[in-house]
Amino acid sequence: KIDEAMGLVNAFDPSILDSKRKLHFCLLQQKLIELIRDGNLESAVEFAGSELASLGEENPEFLNDLERTMALMAFENPQLSPFGDLLAETQRQKVANQLNGAMLESRGMKTSKLGQILKLLLWSQTQLKDAFNSRTAAAAAAA
């Protein structure tokens, strides 16, 4: 889906990803995260080497994020690793918000603060519901 999103962005405005290197890196990083999430570790290593390594060399500020992402592969259960936050839905949402903001900005528009707050509220409700359901299931299993 990341490739599809990048294709749509380029069709919308080809200058966005060229002018916003951090956004471009974040999209490629998210693709790497999705490969790791799906257990495609060999593809993840190949992708990191072919697409992300050069960006990390050209932009040292990306190295920490790249190293954190690559470290996910060192853990049997990466969700429980110190870098598990990269696999959370909030990471996907963060990249989507950056992309949406860049697209709006390219058209001279600003992102709506109210829209961002509403998305955060909906996400928070989902997190609370999931936590409640997990605790309820654990309590039922223990009984």
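Modeller: A contact here means heavy atoms within 4.5 Å. Among contacts in the protein chain between residues at least 6 apart in sequence, 53% join residues at least 24 apart. This is a predicted model, where local features need pLDDT of at least 70 and side-chain atom pairs count only at pLDDT 80 or more, while totals for chains, interfaces and linings use all residues. Residues are numbered from 1 along each chain as its sequence is written, and side-chain values use heavy atoms, leaving out hydrogens and water.

Colleague: What makes a helix in the protein chain, and how many are there?

Modeller: A helix is a DSSP run of H or I with at least four residues, and a strand is a run of E with at least two, numbered from the N terminus. On that basis the protein chain has seven helices and zero strands.

Colleague: Why is Leu 118 called partly exposed?

Modeller: Buried means under 20% relative accessible area and exposed over 50%, with partly exposed in between (1.4 Å probe, protein chains only). Leu 118 has 47%, so it is partly exposed. Leu 118 sits in helix H7 (residues 113-142).

Colleague: And which residues of helix H5 are buried?

Modeller: In H5 (residues 63-71), those are Leu 66, Arg 68, Thr 69 and Ala 71. The buried residues of H5 pack against helix H3 (21-37) and helix H4 (41-58). Across the protein chain, buried residues make up 30% of the 143 residues.
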